[in-house]
Amino acid sequence: MNLSIQLAPKHPKGLLLANPVMTASGTWGYGTEESHLFDIQKLGAVVCKGTTLEPREGNPQPRLVETASGLLNSIGLENIGVEALIEEKAPIWAGWRVPVIVNIAGETVDEYAQVASRLEGIAGISGLEVNISCPNVKAGGAEFGANPDSAAEVTAAVRKATSLPMLVKLTPNTSDITQVAVAVAQAGADAVSLINTLKGMAIDIIRRRPLLGNITGGLSGPAIKPVALYMVYAVTGAVDIPVVGCGGITTASDALEFIMAGASAIQVGTASFANPRAPLDILEGIEQFMKKEGIDNIAELIGAARS
Ligand SMILES: Cc1cc2nc3c(=O)[nH]c(=O)nc-3n(C[C@H](O)[C@H](O)[C@H](O)COP(=O)(O)O)c2cc1C
């Protein structure tokens with residue numbers, strides 16, 4: 001069976017995955033922590049925690065709240081910073097078979113570009129995923145990805161700063177995600193991944209205070225799956241670059257829904273907190289489905305539910 005996926009067909013080096021199952025940024029650390037739980041090398045790609053120019057301590061606790069069929073988080077991009085990533089993590093990744101994609105974030109367009117250029121030529125890094133769900137400090141804190149112009153501006157700046165394949169990760173917190181997808185594709189994205197978390201909150205009625213230290217957070221998990229699936233379907237119809245689906249994927253059948261909606265690959269996030277083996281279980285489930293249905297090539301399933 002052929003499960004391989006080319007995620008950056010327009011890029012000179014390309015980004016070839018052995019299969020379509022990836023980890024979602026922020027839910028698998030640097031891929032090094034849980035690698036004893038299963039053979040992480042079997043996955044299509046590992047996407048690491050969002051990385052900024054300087055180390056960040058993140059938001060005040062509590063940062064995680066469970067809700068009905070979902071998880072609220074307000075981690076605030078706690079991370080070790082790009083220099084520590086280059087020194088401590090990249091040398092480990094350089095010995096891996098599975099491609100590692102570094103998720104990058106910033107508070108200004110220039111910060112994104114600086115992180116990207118710092119990662120240029122570092123062994124062990126196969127691509128970048130640009131998280132445009134971050135607040136644009138110079139524009140009053142609106143997410144870069146909330147409008148097509150600022151999304152394209154970040155994309156173009158990172159494109160100039162890197163020769164690596166580049167995914168742009170879209171936010172659902174916008175009025176028309178397809179317009180943002182088209183704008184980042186035109187600005188040089190090799191692929192788009194979607195969705196990041198949906199803005200939400202929860203209140204402790206006894207204390208009469210918000211439950212999250214940061215007041216609001218991002219909702220993930222099964223609660224957001226139908227929203228994510230719809231957005232993947234819509235974006236796939238609007239762009240001619242690969243789309244990576246993410247949002248509430250917990251089982252192989254969830255993953256297959258995204259693939260049939262048009263996703264070339266999928267990412268597993270919150271599901272890994274309940275079952276750290278979830279990405280591998282999902283991969284094995286996709287293989288079993290293909291065997292049962294007599295499908296030799298995953299390409300036959302991509303977009304199968306369209307038209
Ligand atoms: C605890 C936590 C931390 C996250 N950190 C990041 C991050 O650093 N960068 C990013 O692009 N997305 C981050 N995300 C979003 C996920 O990668 C994913 O897009 C989202 O959770 C939806 O997928 P899921 O429902 O499978 O978790 C984070 C999500 C969670 C739950």
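The lining of the second largest pocket comprises, by class, five nonpolar, seven polar and one charged residues, where Ala, Val, Leu, Ile, Met, Phe, Trp, Tyr, Cys and Pro count as nonpolar, Asp, Glu, Lys and Arg as charged, and the others, Gly among them, as polar. The structure is a predicted model, in which local features need pLDDT of at least 70 and side-chain atom pairs count only at pLDDT 80 or more, while totals for chains, interfaces and linings use all residues. Residues are numbered from 1 along each chain as its sequence is written, and side-chain values use heavy atoms, with hydrogens and water left out.

The space in the second largest pocket amounts to about 210 Å³. A pocket is defined here on a 1 Å grid over the protein atoms alone, as an open set of points with protein on both sides within 12 Å along at least five of seven lines, a cavity being instead a set of points where a 1.4 Å probe fits but cannot get out; lining residues have an atom within 4 Å of a point. Grid points are joined across faces, edges and corners, and a volume is the space filled by probe spheres set on the points. Among the 13 residues that line the second largest pocket, Leu71, Pro222, Thr270, Ala271 and Ala274 are the closest to its centre. Two or more lining residues are given by each of strand S5 (64-67), strand S6 (70-73) and helix H7 (271-274), and H7 provides the largest share of the lining, three residues. Helices (H or I, at least four residues) and strands (E, at least two) are DSSP runs, numbered from the N terminus.

The ligand is surrounded by 23 residues, of which Ser25, Lys169, Gly221, Gly248 and Thr270 are the closest; a residue is taken as near a molecule or strand if one of its heavy atoms lies within 4 Å of it. By class, this shell around the ligand holds six nonpolar, 15 polar and two charged residues. A polar backbone atom of Ser25 is 2.7 Å from an oxygen atom of the ligand, a backbone N or O atom of Ile195 lies 3.0 Å from an oxygen atom of the ligand, and a polar side-chain atom of Asn196 lies 3.3 Å from an oxygen atom of the ligand.

Ile195 is placed in the loop between strand S10 (191-194) and strand S11 (198-200), and the peptide bond that joins Leu194 to Ile195 is cis, with omega about 15 degrees. A cis peptide bond also leads from Gln61 to Pro62, with omega near -10 degrees, and Pro62 has its place in the loop between strand S4 (46-47) and S5.

The side chain of Asn196 is joined to that of Ser133 by a polar contact of 3.2 Å. Ser133 is found in the loop between strand S8 (127-131) and helix H3 (148-161), and is buried, with a relative accessible area of 17%; buried means under 20% relative accessible area, exposed over 50%, and partly exposed in between (1.4 Å probe, protein chains only). Glu143 lies in the loop between S8 and H3 and counts as buried because its relative accessibility is 9%, and its side chain makes a polar contact of 2.8 Å with the side chain of Thr171.

Positive phi values occur in residues other than glycine. Leu77, in the loop between S6 and helix H1 (82-93), has a phi near 55 degrees and is buried, with a relative accessible area of 17%. Arg208, in the loop between strand S12 (203-204) and strand S13 (209-210), has a positive phi of about 60 degrees, and is exposed, with a relative accessible area of 69%.

Conventions
Polar contact = N/O pair within 3.5 Å; in protein donor to acceptor, adjacent residues only side chain to side chain.
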